[in-house]
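Colleague: I would like a close look at a single part of this model. Please take it slowly and give the cut-offs as you go.

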Amino acid sequence: MKNKIGGLIFLISVFMFGCGHYAKNAAQQDAENYKLSKSPEQCFTAIYRKDSAFLKYKTMPGGQILGRLTIKYGELEPLALEKEFDHGEIKGRFTRDTLFAEYTFADGAKRTIYRNPLAFLKKNGHLMLGFGATENYLGRTWFIHHNLINFTRGRFQFVPVGCKK
């Protein structure tokens, strides 16, 4: 009986430490790939009323997009759901003219981490942020139907700007 309990504890500890080790290495590898990529960075900015956003990304050798997105809210209404600002990383891939990405960000006030799907339509050099119905299951959020994403109702239209070094 003691051997079974000891074996079970051993297996659980190997599983727990192994999963944590992989997550750290994957995040470090993504960061290193972002720095080592010879692809030029592309930068975009957007303004909607008193809100603004800045997007900077690189295309990795395998076609994956890695970058950063910051959204600053200009004027908050009482009891508004928005925070002062959001900042985080995007990771995704272009499918034809649409960038589908996951936005991992922390809100400015409470430093809570969120993950949301994003869709950007590339048209005439601009990126238009899409708006669509999402679904959440087991802590993961995604768009329900990609063909129903509305790019004309989106809050931000990103225009290209020069990247500062």
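In which sense do strand β2 and strand β3 pair, and over how many bridges?

Modeller: This is a predicted model, in which local features need pLDDT of at least 70, side-chain atom pairs count only at pLDDT 80 or more, and totals for chains, interfaces and linings use all residues. Residues are numbered from 1 along each chain as its sequence is written, and side-chain values use heavy atoms, with hydrogens and water left out.

Strand β2, residues 51-59, and strand β3, residues 64-72, pair in the antiparallel sense over eight bridges. Strands here are DSSP runs (E, at least two residues) numbered from the N terminus, and two of them pair if DSSP finds at least two bridges between them. Four residues sit between the strands of this hairpin, where G63 takes a positive phi near 95°. Within the pairing, L55 stands opposite L69 in β3.

Strand β3 also runs antiparallel to strand β4, residues 85-95, and nine bridges join them. On that side T70 stands opposite H87 in β4.

L55 and L69 come up again in the largest nonpolar core, which has 20 residues; together with I90, F120 and F158 they touch the most other members. Such a core is a set of buried Ala, Val, Leu, Ile, Met, Phe, Trp, Tyr and Cys residues joined through side-chain atoms within 4.5 Å, where buried means under 20% relative accessible area, exposed over 50% and partly exposed in between, with a 1.4 Å probe and protein chains only. Two or more residues of this core come from each of β1 (42-48), β2, β3, β5 (98-107), β6 (113-123) and β7 (126-129). The largest share, four residues, is that of β5.

Leaving aside neighbours within four places in sequence, F120 is in contact (heavy atoms within 4.5 Å) with L55, D97, T98, L99, L127, M128, L129, F151 and F158. M128 belongs to a second, separate core of six residues, which also includes A119, F143 and I149.

Most residues other than glycine have a negative phi. R96, in the loop between β4 and β5, has a positive phi near 60° and is not a glycine. R96 counts as exposed because its relative accessibility is 81%. N124, in the loop between β6 and β7, likewise is not a glycine and has a positive phi of about 55°. With a relative accessible area of 72%, N124 is exposed.
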